[in-house]
Amino acid sequence: MSTMLLAWAITAAQVILGAAIACSFWRLVQGPRAQDRVLGFDTLYVNVMLVIITLGVQTGRMVYYEAALVIALLGFSTTVALAKFLMRGEVIE
Amino acid sequence: MIQAPELPLWGALIVALLLLLGAAITLIGSIGLLRLRSFQQRMHAPTLGSTLGTGSILLGSMICFSLLQSRLAIHEILVALFLTLTTPVGFMLLARAALFRSRERAGAIPDQPPRQGETKRVE
């Protein structure tokens with residue numbers, strides 16, 4: 001009973017997060033200017049990281065947590081590098 | 001693929017509520033990112049997902065792993081701490097870049113001074 005409830009809740013959460021990923025991906029594709037695309041990408045990686053954490057709850061394994069940590073680290077440095085590039089035209093001065 | 005770990009009923013209820021709440025808040029933030037009109041308005045929406053949405057999903061995951069291993073398993077707090085620290089920094093850099101770019105397009109920045117260590121080109 002409790003396992004079925006949790007299983008359906010996790011699946012529903014994954015579907016809702018999939019809709020959120022679709023929204024941010026649409027902003028990444030459509031975005032009128034480059035900064036909108038960077039913003040959409042930032043939202044996209046946060047949403048994907050949340051889906052991976054729900055996968056970790058679903059299977060009860062630790063591997064997914066490490067993948068989520070790596071995504072959070074790399075996504076931040078990507079956003080900073082892209083913002084720096086938009087500002088100055090180069091990443092490292 | 002429908003499966004879930006074996007938890008007691010109260011734990012399953014708490015984890016399910018936290019996961020659904022976090023996912024719904026993240027969806028609201030992403031819809032805001034899609035629907036709002038200007039870039040400065042759009043910048044506010046996704047922070048909903050990266051603070052409260054991430055927080056409640058990570059709290060649910062922490063409770064689930066703590067119940068599964070019957071000890072305190074709060075390693076997910078690293079992700080929450082990291083996102084809370086880095087999201088404002090990244091968005092502030094992005095907002096400054098966007099401001100610079102819109103002013104540049106409007107012609108408010110006519111001639112840039114030479115950067116440090118770079119001589120101005122003579123034509």
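B:S70 sits in the loop that links α3 and α4 (77–106) of chain B; helices here (H or I, at least four residues) and strands (E, at least two) are DSSP runs, numbered from the N terminus. This is a predicted model, in which local features need pLDDT of at least 70, side-chain atom pairs count only at pLDDT 80 or more, and totals for chains, interfaces and linings use all residues. Residues are numbered from 1 along each chain as its sequence is written, while chains are lettered from A and ligands numbered from 1 in the order in which they are written.

B:S70 has a phi near 45 degrees, a positive value in a residue other than glycine. Most residues other than glycine have a negative phi. B:S70 counts as exposed because it has 7 C-beta neighbours inside 10 Å. For burial, C-beta atoms are placed from the backbone, and a residue is buried if 20 or more others lie within 10 Å of its own, exposed if 12 or fewer, and partly exposed in between. Chain B as a whole has four helices and zero strands, running α-α-α-α from the N terminus on. Of its 123 residues, 34% count as buried. Among chain B contacts between residues at least 6 apart in sequence, 56% join residues at least 24 apart, a contact being two residues whose C-beta atoms, placed from the backbone, lie within 7 Å.

Leaving aside neighbours within four places in sequence, B:A16 is in contact with A:L5, A:L6 and A:A9. B:A24 lies in helix α1 of chain B as well, but counts as partly exposed, with 17 C-beta neighbours inside 10 Å. B:A24 and B:G53 are 29 residues apart in sequence and 7.7 Å apart in space, C-alpha to C-alpha.

Now for the contact between the chains. It takes 45 residues from chain A and 50 residues from chain B. On the chain A side, α1 (2–30), α2 (34–59) and α3 (63–88) each supply at least two residues, and the largest share, 18 residues, comes from α1(A). By class, the side of chain A that touches chain B divides into 28 nonpolar, 13 polar and four charged residues. Here Ala, Val, Leu, Ile, Met, Phe, Trp, Tyr, Cys and Pro count as nonpolar, Asp, Glu, Lys and Arg as charged, and the others, Gly among them, as polar.

What about α1(A) itself? Its 29 residues should span 42 Å at 1.5 Å a residue, and its end C-alpha atoms are 42 Å apart, which agrees; the expected span is 1.5 Å times one less than the number of residues. The buried residues of α1(A) include A:L6, A:A9, A:I10, A:A13 and A:I16. Their cover includes α2 of chain A together with α1 and α3 of chain B.

Helix α2(A) passes the same check: its 26 residues should span 38 Å, and its end C-alpha atoms are 38 Å apart. Just after α2(A), A:G60 takes a positive phi of about 75 degrees. The axes of α2(A) and helix α3 (residues 46–69) of chain B come within 10 Å and cross at roughly 10 degrees, so α2(A) is roughly parallel to α3(B). Axes are lines fitted to C-alpha atoms, for helices over the stretch in contact, with angles from 0 to 180 degrees between N-to-C directions; angles under 35 degrees count as roughly parallel, over 145 as roughly antiparallel, 65 to 115 as roughly perpendicular and the rest as oblique. The crossing is left-handed, that is, the near helix is turned anticlockwise from the far one by less than a right angle (clockwise would be right-handed). Residues making the contact include A:L39, A:D42 and A:V46 of α2(A) and B:P46, B:G49 and B:I57 of α3(B). They divide into nine nonpolar, ten polar and one charged.

With helix α1 (residues 9–35) of chain B, the axis of α2(A) comes within 11 Å and crosses at roughly 165 degrees, which makes the two roughly antiparallel. The crossing of α2(A) and α1(B) is left-handed. Among the residues that meet are A:L39, A:G40 and A:T43 in α2(A) and B:V15, B:L19 and B:T26 in α1(B). This contact has six nonpolar, six polar and no charged residues.
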